[in-house]
Amino acid sequence: MRLFFLTSIVMVAFAANSVLNRLALADGEIGPSAFASVRVISGAVMLLALILFKDQKKFTFSKPNITAVLALCAYIIGFSQAYISLDAGFGALLLFGVVQITMFIGAILQRENVTLQKWIGAALAFSGLAYLLSPSSAGIDPLGAGLMTIAAIGWGIYSLIGRGAANPLKDTGMNFVYAVPIVAVAMLLFPDENQITTIGIALAIVSGAVTSGLGYALWYSIIPKLQTSTAAVAQLTVPIIATAGGIVFLAETIDLRFVIAAFMVLSGVAISAYQRKPKPRQ
């Protein structure tokens, strides 16, 4: 139950990132490059503060995990840039669909036993997500779709690397610290055209310090305890949670499509994650 509770918190944090990005970029409060920069800087500051508070005398900067840092940058930059041209619904479907594929490939390469039950659960969950978001897939922007695909592969790889995290808090903090100059260079190469508002900065800070920094550190602490395939399927709940957040906080309407899709996704996740208790020996 504790693992289920912590996983649920992480999924809510991931969903909150989507809502915060949508609020900031859709309303023109800040540009994607600036949002990504403020997000990664605030995440680095928050995590460094926690690391220093926890290990004041023993703290040292560890060597960067280049693959993890690049994967994190690919996700953060691609995610923000893609939200300019992609519909939020199709973007979420593409993101978490590709994340699931990436992590299932990782599970197979790691020789994890991906049972028929897990494949059925994954297929049901993805079908529910596709059913919910399919009306928004018309007029897809190729550049936006490509950027979101890059972001999804980056996040899938980043999650796979997290399975070997020895110190989740410090590993996440170092990844954010080393990502700062890369994201800053991307901001210079792809400058924003719109102005930056106080609201935009505030949304980016919350996304970076809380739902990204703390959320990703928690994700790194629990993902070693989950099977790769289970972690992949669990993330398909994020668009459902994000849509529910839009209903609660953005006064969006609820309809039968959402109810059916939510049931399909949650049922698929439950089927994939369910494990029978071994029978006691007599």
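## Basis of the model

The model is predicted: local features need pLDDT of at least 70, side-chain atom pairs count only at pLDDT 80 or more, and totals for chains, interfaces and linings use all residues. Residues are numbered from 1 along each chain as its sequence is written, and side-chain values use heavy atoms, with hydrogens and water left out.

## Overall make-up

The protein has eleven helices and zero strands. Helices (H or I, at least four residues) and strands (E, at least two) are DSSP runs, numbered from the N terminus. From that end, the order of elements reads α-α-α-α-α-α-α-α-α-α-α.

The protein has 282 residues, and 50% of them count as buried. Buried means under 20% relative accessible area, exposed means over 50%, and partly exposed lies in between (1.4 Å probe, protein chains only).

## Helix H1 and its partners

Helix H1 covers residues 2-26, and helix H8 covers residues 198-222. Their axes come within 9 Å and cross at roughly 155°. Axes are lines fitted to C-alpha atoms, for helices over the stretch in contact, and angles run from 0 to 180 degrees between N-to-C directions. H1 and H8 are therefore roughly antiparallel. Angles under 35 degrees count as roughly parallel, over 145 as roughly antiparallel, 65 to 115 as roughly perpendicular, and the rest as oblique. The crossing of H1 and H8 is left-handed. A crossing is left-handed if the near helix is turned anticlockwise from the far one by less than a right angle, and right-handed if clockwise.

H1 also packs with helix H2 (residues 32-54), at an angle of about 140° and with the axes 10 Å apart. That makes H1 oblique to H2. The crossing of H1 and H2 is right-handed.

Ala-16 is in H1. Ala-16 counts as partly exposed, at 24% relative accessibility. Its C-alpha atom is separated by 6.6 Å from that of Ala-242, 226 residues apart along the chain.

Ile-108, Leu-116, Trp-119, Ile-120 and Ile-271 form a nonpolar patch on the surface. Together they have about 490 Å² of accessible area. Accessible areas come from the Shrake-Rupley method with a 1.4 Å probe; for residues, only the protein chains shown count as cover. Patches are made of residues with over 30% relative accessible area and no salt bridge: like charges are joined within 9 Å, nonpolar side chains (Val, Leu, Ile, Met, Phe, Trp, Tyr) within 5 Å. A salt bridge is a side-chain nitrogen of Lys or Arg within 4 Å of a carboxyl oxygen of Asp or Glu.

Helix H5 (residues 116-133) gives the largest share of the patch, three residues. Ile-120 is found in H5 and is partly exposed, with a relative accessible area of 46%. Ala-125 also has its place in H5, but Ala-125 is buried, at 0%. Ala-125 and Ala-262 are 137 residues apart in sequence and 8.7 Å apart in space, C-alpha to C-alpha.

Ile-161 is in helix H6 (residues 142-162). Ile-161 is partly exposed, with a relative accessible area of 24%. The C-alpha atoms of Ile-161 and Ala-68 are separated by 6.7 Å, with the two residues 93 apart along the chain.

Val-185 is in helix H7 (residues 168-189). Val-185 is partly exposed, at 46% relative accessible area. Val-185 and Ser-33 are 152 residues apart in sequence and 9.8 Å apart in space, C-alpha to C-alpha.
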